[in-house]
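Hi everyone, thanks for coming along.

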Amino acid sequence: MVSSNGQATTQPRFSFGLISDVQYADISDGRSFHGVPRYYRHSILVLQRAVKEWNTHQKHMFVLNFGDIVDGFCPKDQSLGAVQKVVDEFEKFKGGPVYHMIGNHCLYNLPRSQLLPLLKIQSLDGRAYYDFSPVPEYRFVVLDAYDISAIGWPQDHPKTLEAMKILGEMNPNEDKNSPDNLEGPERRFVMFNGGLGKEQIEWLDGVLLDATILNQKVIVCCHLPLDPGAASKATLLWNYDEVMNVIHRYNCVKACLAGHDHKGGYSIDSHGIHHRVFEAALECPPATNAFGYIDVYDDRLSLIGTDRMESTDMHFSPSS
């Protein structure tokens, strides 16, 4: 790598920590619907070790949490306390801010009106999408994957009604959390997923236009994956195709990062954009981990993962 002054450099511009799908609950271990073990009490220990590791490095500018900090099986009379307990662990990070995304399990526990202030997401009308630039050359865009959703909004809210209309048209099952009888990417039309509304898509388009004018590289972050090649089809954002059509209009987006699909995944799409889905902290057996950090360079992202989280080098395509 060569810097703008022609001198070789191996130092990243900046680094940040990341973790996804902690899904803590003070309950006995269980299994997913597919039989995968889940370690509800251990997951907060994974987070504690992550924060300790990030603080030890003393170089990370911020941390990204990719959502689902508390599990849906958390007893509802404990939801508020459990969310606060996990947030308190994140707050022990000393290097800078922690940026949160909301996930379906967050919304099973608390409505947006309670959740967003706890996560320090400054919100207008319950929105949970925003952007920030840690350095002038880079911009991070955090999407609200449950903007249009059957969970998190009041039952009579227009966004809830729109979500139920989509599910009614796209999912023939009585249980709208079931992808049975749906094929390929159509399996994404389940209640535990969601989509971006028109206003958020217009906002995204404007942010990417502004980033292009400023010659910024953009990293898109979303709880739900945006590429079928990187994740199970049943975990995708409802309108991932519409969102990616907006992203593909520009050359500024270099990577899309996500959680939700606990096994993790990685792909490079037709436009050279990297899609990395992070492995879940929840599914770490005792004494194992799933967290990491990313070193950000001019020409690549370098994910350094621990244990279950695989390290990944994401070199930017010259045409992307």
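In what order do the strands of the open sheet that contains β1 and β14 run? The order is β5-β4-β1-β12-β13-β14, six strands with mixed pairing. Before I go on, a word on where this comes from: it is a predicted model, in which local features need pLDDT of at least 70 and side-chain atom pairs count only at pLDDT 80 or more, while totals for chains, interfaces and linings use all residues. Residues are numbered from 1 along each chain as its sequence is written, and side-chain values use heavy atoms, with hydrogens and water left out.

A few terms will come up again and again. Helices (H or I, at least four residues) and strands (E, at least two) are DSSP runs, numbered from the N terminus. Two strands pair if DSSP finds at least two bridges between them.

For angles, axes are lines fitted to C-alpha atoms, for helices over the stretch in contact, and the angles run from 0 to 180 degrees between N-to-C directions. Look at β12 and β13 (residues 300–305): they run antiparallel, joined by five bridges. Asp295, for instance, has Ser302 in β13 as its bridge partner.

Now, which helix packs on this sheet, touching β1, β4 and β12? That is α1, and its direction makes about 170° with that of β1. Helix α1 covers residues 43–57, 15 residues in total, and reaches 22 Å from its first C-alpha to its last. That is close to the 21 Å expected at 1.5 Å a residue, where the expected span is 1.5 Å times one less than the number of residues.

Its buried residues are Ser43, Ile44, Val46, Leu47, Ala50, Val51, Trp54 and Asn55. They cover an arc of only 165° around the axis, which puts them on the same side of α1; the arc is that of the directions from the helix axis to the C-beta atoms. By buried I mean under 20% relative accessible area, by exposed over 50%, and partly exposed is in between (1.4 Å probe, protein chains only). The face turned away from the buried side carries the exposed residues Lys52 and Thr56. What covers the buried residues includes β1 (14–19), β4 (60–65), α2 (79–90) and β12 (292–296). Just after the helix, Gln58 takes a positive phi of about 55°.

Let's move to the other sheet. This one is also open, with six strands in the order β6-β7-β8-β9-β11-β10 and mixed pairing. Its edge strands, each pairing on one side only, are β6 (130–135) and β10 (265–268). The twist averages 15° from one strand to the next. Strands β9 (residues 253–258) and β11 (residues 274–277) run parallel, joined by four bridges, and Ala258 stands opposite Val277 in β11. Helix α6 (residues 198–213) packs on this sheet and touches β6, β7 (138–142), β8 (217–222) and β9. Its direction makes about 175° with that of β7.

What about the inside? A nonpolar core is a set of buried Ala, Val, Leu, Ile, Met, Phe, Trp, Tyr and Cys residues joined through side-chain atoms within 4.5 Å. The largest has 91 residues, and those with the most contacts inside it are Phe16, Ile19, Leu226, Ile247 and Ile294. The largest share of this core, six residues, comes from α1. A second, separate core of six residues includes Ile148, Ala150, Leu167 and Trp238.

Thr160 counts as buried because its relative accessibility is 1%, and Ala163 is buried at 0%. Leaving aside residues up to four places away in sequence, Ala163 touches Ile148, Ser149, Ala150 and Trp238, where contact means heavy atoms within 4.5 Å.

Most residues other than glycine have a negative phi. Gln23, in the loop between β1 and β2 (30–31), has a positive phi of about 50° and is buried at 0% relative accessibility. Asp125, in the loop between α4 (112–118) and β6, has a phi near 60° and is exposed, with a relative accessible area of 61%.
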